[in-house]
Each structure stands twice: as structure tokens, then as C-alpha cells.
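The sequence and the model are shown first.

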Amino acid sequence: MPFIPHTEDEIRDMLSVIGADSIDQLFDEIPAHLRAQSIDGVPDGMNEMEVSRLMNARAKQDGQPICFMGAGAYEHHIPAAVWQITTRGEYYTAYTPYQAEASQGTLQLIYEFQSMMTALTAMDVSNASLYDGASALSEAVLMAVRGNRKSKSRRILLPTNVNPVYGSASRSIVQHQNIELVDVAIDETTGQTSMDALKAYEGEDITAVVISQPTFFGTLEQVDAITDWAHANGAMVIAVVNPMSLALLKPPGEWGEKGADIACGDGQPLGAPMSSGGPYYGFMCCQKAHVRQMPGRIVGRTVDQDGKEGFVLTLQAREQHIRRSKATSNICTNQGLVVTASTIYMSLLGPSGLEKVAAACHQNTNKLIAKLSAIDGVDVLFDGAVFHEVVLKLNKPVAEVLAKLADKNILGGYDLSKDYPQLGNALLVCVTEMRTDEEIDDYAAELKKILSANER
Amino acid sequence: MLIFEHTSPGRKNIAQSPVVESEINDIPAELRRKTSAPLPELSELQVVRHYTSLSQKNFSIDTHFYPLGSCTMKYNPRACNSLAMLPGFLSRHPLAPEKFSQGFMSCMYELQEMLCEVTGMSGFSLTPMAGAQGEFAGVAMMRAYHDANNDTERKEILVPDAAHGTNPATATMCGYTVKEIPTLANGDVDIDALKQSVGPQTAGLMLTNPSTLGVFERNIEEIARTIHEAGGLLYYDGANLNAILGKIRPGDMGFDVIHSNLHKTFSTPHGGGGPGSGAIGVSKRLKPFMPLPVVAKENDNYRWLTEDDCPQSIGRLSAFMGNAGVLLRAYVYMRLLGKEGMQRVGEFATLNANYMMAQLKNKGFEIAIPDRRASHEFIVTLKKQAKELNVTAMDFAKRLLDLGYHAPTTYFPLLIPECLLIEPTETESREALDGFIDALLQIQSESENDSAFVKGAPYTMPVKRLDEVRAAKQLDLSWVNQSS
């Protein structure tokens, strides 16, 4: 049998040590009529060569369209060293570092990861990661409810330019705790959170305000103004940021007078492949004052009996295995392996490499915008600068246009019409450093053909 | 040394820098970063060497026997990794249209189907990203089910006192209060206490079977009947599914909802603490409430079920579809094993555990529940050693590291004093089991001769025992903020 090493002789010997006649006898405490149900629906096993043939065929079947799609998952170049080292068995097949002395590799790496995330966000502390960006926002909401002791309302303001699936996942996760996520309208010309809409809540008890930078539309928020408004009104600030953008943009720790209170987001752009949506990881950083409210694993630096530097899981009194029903979260694991990849990625790129990647994304996006906005039937929907995504308004239904681009092996972007019907034929397009000038030209040429075709 | 301490300001890794043609001038200055992030600046070789050498400070399944109870640290076949990392899978955008997704979706659909078959459930959703999120989804579905029946007075979840800490934490997250049910000395749930606790306020019971005490819950049918007759639902924590895989199915035991830790039973890597996957299965009556997305098959075409198809769904729990790459690894594993291979999993996991338990009992170790069959794991209690020799479970655990073995789970379950929860898994050979038994015997004899020596262990690790009190009191969580 695959991966079971026992020989017939060994099985016999082992059973005789136990004093059993057969392996089946070891299950004699299970009521007999419940046992031995058929699992005939599971196919017969295959050897590695056969499974390999199957998987290669399926992977190939999905093609590899040229990707101009973002909307929360971004295609970046990942240095070869990242996953070669990450999938070393010592990282790949270790578990949560409960035995610290035999886990210093993983523990030091997480401490370095936490350090890098605080460097990028300019926040005080970071945890060891959460599941993904959406779950990180939901945990940030729960953390704000615990952390903002002056607020009793359990109301969180959530601008509609935050990734809508982050909002819906957060609602699924926090809905049983009497917490309200309140939509805040956006300014229709800029795609930014409407300050007028925010001001309608002035004087009310608000627990926290969520700010997405960049927004789901790629546009940039007035982060200083919103942060200061929130703090002036007794609300905490939860920043949802694309970590790649932080190589160029003001980090949340420096927003406004006091900085954001919690910064979270999805770490995928930093070394994780798009991989159909996961595994990614959610990151979470906060100001020191809130560290005891933070969910998830945290690694601290300490010393051993001889005074030598070492690393341990710390502040475990917050966690479910100690606090049980009173824990800060039911979260048990982090996304350790992806964090490993990300830490190696950030180390390989360094500050200047990350700045170059972010700048190349921005530059390529501007190139595409310049080409597309010259086409009849395409308008850029929102005014102002973007990071690496842009919303285009088309003169034809987006689904139809995307299907035609797909015929040309182009993944043309994300159709906003389902989440934002009020925006009309709106398409969210992303360009990373991966796209060549030729691919950008092709996209523009194909889109022009599709939009100018008269088929009505 | 930390990677930050290898930094040379100005050192660049040119091979990883894309070409940027011009300065950025369209982003307003007040939105720009003023100084570069203080990330390390190293050559590629320095980075590779640093993280390779860090990896060598880890114990792992690939390097050491790792009998961590309740964690199922079995061999993670390399093929699962390389086939899940084929370029076609890695470069697939999660929102790619179904036209570019049929290969991936066929794997997910078949994984759902195979999981239904081996657990006896009617539907599976693969989206939860860890066991704890699977638990959340499961309990949220129970709540949605009661709510849909206008049965809103059920405020309480019952949890045996031997349960994992995630169970009560999850019930709280779903807005329930938790009532603990005691466990008898023989490892079974105290049925009388359960019957007294069940009532119209009971939303359901969360149960791990075999339990965290390493024994099968023999009264499972009576428990199921008791809960169901009171109108409650039965939740199966799949942490120990490896013990019974192919032998008995949770669905046949009467469970309404289960989560399966694919990183345990289906051998996806633990990755230093994740990513995991807590796929959840449901009985027919809970199917409408499954979290999305789920893959459906219609005329040889695969498509995602959405909110329009499943208006009663508890919704989405992740931005996309959970830990897709982990799911692919589990799929490859199940195809490699097939039906017969999966039936062998529970058998040999159980054989290995019972063999170790019998040997350790023969050599004088005290087994916590001595007169029962072990499931895929069992508990040694060192309370005698602690009392007579002042050598604790923690000391045994640390000394095991010196002898080349990862320690079993210690001090869990909370009910058994000075315990080692030992789970060998089916992929370990008899030699490995015997080596571990010899190591425990050596530590026993060291404890009798020189307990101080054992209490000073480990001696051969990169560090000795660490000062956890200092770590919690003098918080040092980031190098960047220490140095500034």
C-alpha cells in the first residue's frame, strides 16, 4: 500500500505483542453494525506516474491566459529561490513550533517576518499571520470591538470601495456577535470614500472606520483626512492595504496625526502565486497598545538558560488552547508556509527591489490607461492617480467584452457590474510588472476591435 | 544572527529588479512614502544561505519521527507538492472564468465527491482554510438551520471537557454559550451527565470521535439519539479521522456536520503551522447552508455555485475559495491511495498505536486508559515519575529532542496529569516505533539515576530551554522597532 512500510512478518509480530489475532480485531470496540461501510465511490489508487499524467493534463487544460485581472489576487514575478527554499522538508513538514528548542528555524523566520511587516507598515507589532485578507479584516473588526473600550455601539463604518468580498466574508464571520458593518458611500467622481457621507456620522458612537489603500478600484484614498476624522470622533482606524503598494505609498503607521490603529491585508503579492485563490495569508499589524487584543500566533525574542538569544511563541494567554471559550479568536494556526515564502521574497527584493516592482506595476498601468483611453467607447471612470488597477467604463456590456478577449487568450479584468450595478459597464483592469509592452499593445488592439465592431 | 544584521546599506539584488523607465510623478506627495522601508539589503546568495541554515534548526517529518498526538504528522508525499505546483495551477487567477478553469474545477469536484464517500456525508464545501474555520462554518450552519426553523431559543452548545480548545472558542464566536460535559475514567462521555444537560436550549453537541483521549466513543449511537431527540444537531470534529478512515464513517454514526483537517488525514503539509484546510461535510438537511463556493457538475461542465443557487448559504469565509493549493495536494494524495489505500490508513495507524501502547505498558510505563483499545493515538501519564523522581512530562519531552525525536503532545488533554499524547501514524516503520520506545526507556533510566540531568535537557539543540516569562513580560516582537 502506498506509504505504509509494514511487511507481513512485522504485522504478525506486532499483533502478537498486542495480543490480537488480526488488525480488524483492533476495531472491536466499534459497534459491529456501524463498521465496514463501503467506500466504493472512491476510485482505485494510481501510481505516481499515472497521477502525474492526470494532473499534467488538467493543469494544461486551463490554459495560461495573459492576465490583466487583479481584484485581490495579483500576478507578480516570484524569484526561483523563494519556493525552492520554502518547500525544503524542514519548513514544509514541520508543525506549529510548540517545542521551541527544536523549531528555532521557523520561530526566527516568523520573528523576521513580523519585523519586515512592521518595517513595511510602520506599525509597532505584527502577528505571525491569519488565513487571508478577508479573514484578516474580519479579525480586525473583532479586535477593534475588543480594543475600543470607549465605544459601546459595535458599529464599524465600511466604505463600499473596500473589496466587496472582504465585506461579505467579514459579515459571515462577525454576524453572530451583534456587530454591525455599515456601508459608507463613495464619491462618484473620485472613487474615494465620500467625506460628506462620513460626516453624517459625526457625533455618533462609531467603533472603527475601515480605510482601503489603494481602494478596490485602484484609486487612492485621502488617508490622512479620514484617519484624523475617525480619531476625532472616537473611532479606531482599520487600514486594509496592499503590502506591495507600501513600497511607494505612505504606510498606515504614518496616516494622519496618530497613524492607523490596525493594519491588515492579504500578503499574496509578496511571493505567493495566484494559485486559484490560495494558500495566501492575511497579515495583521497594530499599535503596541492593542497587542494583547491581537488574534493569532505571535513570536517573541528572548534568551535561553545560558543567556543566548532564542525565539518562542508568546502572549499565548490570549489563545484558544488556554482561554477556551474566552479566547480572542478560535484561530489555531497561521499560514506558516506562505509566510516563509513571503519572508524570503522580501529579503531577496530588499527595499529597492520592492520599490522597483511597485513602480513598474504603476508605470505599466499608466501605459495601459494611456492606450485604452484613446479608444472610442472607453472612459476612465474615476479621476486621480491609481496604484496598479483602474476602472474603465465601456460602451458595451463587460461580460460580452471579456468573453471575446478570452477567445484571444486574454484575461481582460474583473466585471464590476454584479457588485456595483450603479457603475454601469464598469471593468476593473490590473497591470503588474509581469506584462510586457507588447502584451499591453495587444490588449489595447483587441479591445479596440471588439468595441468598434458593429453587431447590433 | 537575524537577517537584518547581515544587511549592507545600498546592497542590491539586481536580478530581481524590473526596469523602471521614469520617476513617478502622478501620485500626490502626501500619499507617498517618505523613506524606504527598513527591509534587509542582501545578495541573493546571502539570503539563500541564511534561510537554508535557519531551516536546519527545525525538526520536521522529513528529518525526524514526529509523534505529535492529535496532529497526524504522517509522511507528506512529495508528488502531492510537485503536482499541485504545476505552472497551470499556480498561474490560474482565482476569478478566471470557468472556460479557463475546468481542469482545476474537476479536481475540486472530485475531491468533494471523494470526501463525501469516505465520511458518509451528502455534501462538502472545501472553502474553510483551517480546522478552526471549518468548526466555525459548521457551528454557523447549525445556527442557520435552527434559525431557518424559527427555533431561536437554542442558545447552548455542549462540548465534552476533553475537547480541543477551538471547540468552545468557536461556539462563542457563533454567539452560543458553552456547557462542558464530563468524561468518565474509561474515556467515554458521561451519558448521564449529558442527558441531564440536554434540553430545548441545546443547539448541538461538538464531539471528537475517537476522542482526544485516544479511545473510540462506544456510546456514540446513544449520544446521537439523545441529541437528536432533543432537537439538537451533532457536530463531528475531524481531528482524529485518521484513526477510522475507511473503517467507519461519521455520517453513519449520525453526525450532521463534520470538518476534516485535510492537513492531518489527507496528508497536506503542516508548513510550520499552516496553511491547513478544514473542509466541511454536511448531512442532507444542512446542505442548503453550506459556505460558498462549491463546485457543481452539469453535463460534463463544472461551474461554481453562487448565492443565487444557494440563498440560505452561510456565505463566504475567504476572498476566493480557501486554500486551493492545499486542496490540490489532498486530491493528489487521495488519488494515489485510492479506495484500498484509504482503508489501510485507519488500520495501520491503529496497529502502530496499539503496538507502541502494548510495548510501553510491558516496559512499565503507565497508560492513562489501560483497558481500552488505542485508537490512532494513546496517552502515557508520567505522574509517578513526576511525584517520585521530580521528572515531568515536559522534561521527558525536552530530553527526547536530544535523542532525535520530536516530543509527543504534552499536557493535552487537560484531564490527564503529566501526559504524553502519542500518535505514530501509519507511515512509520516498526524500527522507528522501537527506536522511540528505546528513547523513552533511556530517559526513564536517566531519570532514576540523575534526574537533574534530564531536567537540564535539551543539550544538543540550537538553544537550551527558553525564558518564556521574559518573552511575555519584556515584549520584543520586531527587530525594526527595537533598533529604532
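Which residues in α5(B) meet which residues in α6(B)?

## Basis of the model

This is a predicted model, in which local features need pLDDT of at least 70, side-chain atom pairs count only at pLDDT 80 or more, and totals for chains, interfaces and linings use all residues. Residues are numbered from 1 along each chain as its sequence is written, while chains are lettered from A and ligands numbered from 1 in the order in which they are written.

## A helix pair in chain B

Gly131(B), Ala132(B), Glu135(B), Phe136(B) and Val139(B) of α5(B) meet Thr166(B), Asn167(B), Thr170(B), Ala171(B) and Met173(B) of α6(B); contact requires C-beta atoms, placed from the backbone, within 7 Å. By class, this contact has five nonpolar, four polar and one charged residues (nonpolar: Ala, Val, Leu, Ile, Met, Phe, Trp, Tyr, Cys and Pro; charged: Asp, Glu, Lys and Arg; polar: the others, Gly among them).

Helices α5 (residues 131-148) and α6 (residues 166-173) of chain B pack at an angle of about 45 degrees, their axes 9 Å apart. Helices (H or I, at least four residues) and strands (E, at least two) are DSSP runs, numbered from the N terminus. Axes are lines fitted to C-alpha atoms, for helices over the stretch in contact, and angles run from 0 to 180 degrees between N-to-C directions.

## The interface between the chains

In chain B, 170 residues are in contact with 162 residues of chain A. Helix α11 (residues 324-362) of chain B gives the most to the side of chain B that touches chain A, with 21 residues. The residues of that side divide into 83 nonpolar, 49 polar and 38 charged.

Terms used
Two residues are in contact if their C-beta atoms, placed from the backbone, lie within 7 Å.
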